[in-house]
Amino acid sequence: THALLQRLASQDGGTLQEELARAVRARKSERFFGELEAGFLARTSVEKAEDVAEQSLWDRTLGDGLEEE
């Protein structure tokens, strides 16, 4: 792992610490979006229906008081 980080850092012209920081940020982002997707997929049919109903309400507010151009 250390050698791989060194190789990646040298290819990018950066330091080992910079490459490690990039790897940690990428892993953190990967984990966040993985958990977000899992939560989204785990929603029940009732929750999905509630989301659709709420979105419908918001869609109607987009043009409130605005004239069409």
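Is E30 buried or exposed? Select E30 and show the surface: E30 is exposed, with a relative accessible area of 54% (buried means under 20%, exposed over 50%, partly exposed in between, using a 1.4 Å probe and protein chains only).

Before you click on, a word about what you're looking at. This is a predicted model, where local features need pLDDT of at least 70, side-chain atom pairs count only at pLDDT 80 or more, and totals for chains, interfaces and linings use all residues. Residues are numbered from 1 along each chain as its sequence is written, and side-chain values use heavy atoms, with hydrogens and water left out.

E30 and R27 form a salt bridge, with 3.0 Å between the closest N and O atoms (the term means a side-chain nitrogen of Lys or Arg within 4 Å of a carboxyl oxygen of Asp or Glu). Both sit in helix α2, 3 residues apart, so about one helical turn separates them (helices are DSSP runs of H or I, at least four residues, numbered from the N terminus). R27 is partly exposed, at 41% relative accessible area.

Next, select R22, which is partly exposed at 32%. Its side chain meets that of E19 in a salt bridge, 2.8 Å from N to O.

Keep R22 and bring in D12: here's another salt bridge, at 3.5 Å between the closest N and O atoms. This pair links distant parts of the chain, from R22 in helix α2 (residues 16–41) to D12 in helix α1 (residues 2–12), 10 residues apart.

Finally, show D12, E19 and R22 together: they are linked in a network of salt bridges. The model's count is 4 salt bridges.

Definitions and conventions:
Helices (H or I, at least four residues) and strands (E, at least two) are DSSP runs, numbered from the N terminus.
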